[in-house]
Each structure stands twice: as C-alpha cells, then as structure tokens.
Amino acid sequence: MSENEKGYYIREFSNMTGLPQSKIRYYEKIGLFKVKRMKNGYRWFSPEDAFRVNAFRCLLQYGFSIEEAVRMLDEKQQTEQFEQSLKQQRYTLTHEKQLLEYRLQALDEAIGLLNMEPGSDFSVQDVPDKIYVYASNGRDFSVAGQAGETISRFVELLSISSYARVIETAQFSSEKPELDPSYVCAIPASEEWRLGTYDRTHVHWMNLGKCIVYHRSLTREESVRKETFALLLDWMTAHGYHMREKMMILPGFLNLDGCGKDMETVILPVI
C-alpha cells in the first residue's frame, strides 16, 4: 500500500466518521472493514470505507442488528430478497411499537393510581376479553408444573402480560372471612396471535365485556379479606348490577418490601 494513495489513518478516519477508534477496531474484527495495512503496520482506510460506514448506518437506522447490517452490506441490494428484508423489518418494528404503546399505557395507569384517591373512582366499562393460564389453584401452585411451558410463553410477552388474581364469585357466599384467589398469567385475547403455535390445553378465556372497574390501595393481608370488597359490592347493588362468574384483580403498583400498600385494579364482570 502506497502512502500516496488516497486514504486515512485510523485517527483521521475516526474524526471524519465520528466512530471511536475502539469501535472501528471492533467493526473491523466482525467484518465491516477489510482494512489495508501500511508497511509500518498502521491501518489505512479508503474513501470507500467511509461510504461503507454510511451504508452500514442506514441499515442500523432501519433497526437491523450490527450482525445483520454487516451481512446485508455484502449482499446485492437491488433485489427482491433485499426489499423483502426491509418489509419484514418494518413489520417487526410496527409490532415492537405496539408493545411499547402497551408499556406506556401501563406506566400512565401506574402514575394515575399513585395520584388517585382510592374508592372514589368506580366506573362501568366495556373491558376487552382476556385469555389466561393458571399458575395456582388458590394457594396450591402445583398446577404450574403442568402448564409451565405455556406460562413461559405468556410471560415472554412482558409488555402485555400480567400476573393477576382470579376470584370465583361463589367464594363471596361462603362463611370464610378471607377469599382464596388463584394466580394467573393473562394477556388480552386480541393479542393471542403473538403466542404463535402453542398448546392451548391450559388456556382459559375470560369474557369480560360490561365490568365494574375499581381501583384500591391495601396491604396484602387486607386484599384477600371479604370486608375490603364491601364498598365495591355495595356500589354494585346500589346501581342494580349482579356479579357474573369470576372477577380479576390486576396489579398496578406493588410495594416490593411488603410493608406498605399495593395499588390494584379490580375488574368485576356484571349483568
């Protein structure tokens, strides 16, 4: 390599591309550059290497991984296959955007709960159905061993899944002072397609529809006492509604130390 040929030492190349020298060496290692060497061993970069950086950045801007971008640079770009790669990436990003919107919604709800006066916000809403898988039957978690693979599939959808509690409304008729909720992992029924092909043996559908939605703040010990649901049941009766089969309790904000109060949303399907 002649020093008279148009090119740049690594420091110059770093300045003109905005890439730290350490990153340039890393990119060289994974194949982005096929760097030439001077007789003294110094790296020598060509203008074409700078153009390659720009093309590489375009692919990163589209959301491709570093490895994908390096591979795609060495493929023909004006082909049906390349166009299909771009379309597939757009499809992937669109659904990632939808998942981010779920997370933003969850954050907004958590912030709202922290600033809400509990007990003052009963409402009747049309709630979308949910599908769920049992992690426990009351306090018996042995059922999770049978449905472990399905539970994992649900949990992987972290942006939209929730560990919730389901209470059979028949429990309110018993003489016991405490309820025995079952733990479930639930997602909106409309998002089931995200699970792909999976075993539906352990999956249940919860028809929600018309529901009383009620936010409350209690300690964990209080949350299973029947008396803490009195306000909700009184409001339901006063407005002429009747309970259906199950209610669902979704966590909004949990006190990790267990010493304070948890924020939760009670969803009671009614007729």
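These notes take the pocket, then the helix pairs, then one glycine.

**Ground rules.** I am working from a predicted model, where local features need pLDDT of at least 70, side-chain atom pairs count only at pLDDT 80 or more, and totals for chains, interfaces and linings use all residues. Numbering runs from 1 along each chain as its sequence is written, and side-chain values use heavy atoms, with hydrogens and water left out.

I looked up the volume of the largest pocket: about 1200 Å³. A pocket here is an open set of points on a 1 Å grid over the protein atoms alone, where a 1.4 Å probe fits, with protein on both sides within 12 Å along at least five of seven lines. The volume is the space filled by probe spheres set on the points. The lining has 35 residues, and the closest to the pocket centre are Ala106, Glu109, Ser162, Leu250 and Pro251. Lining residues have an atom within 4 Å of a point.

Helices (H or I, at least four residues) and strands (E, at least two) are DSSP runs, numbered from the N terminus. H5 gives the most, with 9 residues.

By class, I find 20 nonpolar, 10 polar and 5 charged residues in the lining. Ala, Val, Leu, Ile, Met, Phe, Trp, Tyr, Cys and Pro count as nonpolar, Asp, Glu, Lys and Arg as charged, and the others, Gly among them, as polar.

**H1 and H2.** I took the axes of H1 and H2 (residues 21-29) next: they come within 9 Å and cross at roughly 100°. Axes are lines fitted to C-alpha atoms, for helices over the stretch in contact, and angles run from 0 to 180 degrees between N-to-C directions. H1 and H2 are therefore roughly perpendicular. The class cut-offs are under 35 degrees for roughly parallel, over 145 for roughly antiparallel, 65 to 115 for roughly perpendicular, and oblique for the rest. Ile10, Arg11, Phe13 and Ser14 in H1 meet Gln21, Ile24 and Arg25 in H2. Contact means heavy atoms within 4.5 Å.

**H1 and H3.** The axes of H1 (residues 10-17) and H3 (residues 47-61) come within 11 Å and cross at roughly 40°. This pair is therefore oblique. On H1, Phe13, Met16 and Thr17 meet Asp49, Ala50, Val53 and Arg57 of H3. I get 4 nonpolar, 1 polar and 2 charged residues in this contact.

**H3 and H4.** H3 packs on H4 (residues 66-73) at an angle of about 130°, with the axes 9 Å apart. That makes H3 oblique to H4. H3 brings Arg52, Ala55, Phe56, Leu59 and Leu60, while H4 brings Ile66, Ala69, Val70, Met72 and Leu73. The contact holds 9 nonpolar, no polar and 1 charged residue.

**Gly209.** Where does Gly209 lie? I place Gly209 in strand E8. Gly209 and Val124 are 85 residues apart in sequence and 9.9 Å apart in space, C-alpha to C-alpha. Leaving aside neighbours within four places in sequence, Gly209 contacts Gln125, Asp126, Val127, Asp129 and Arg244.
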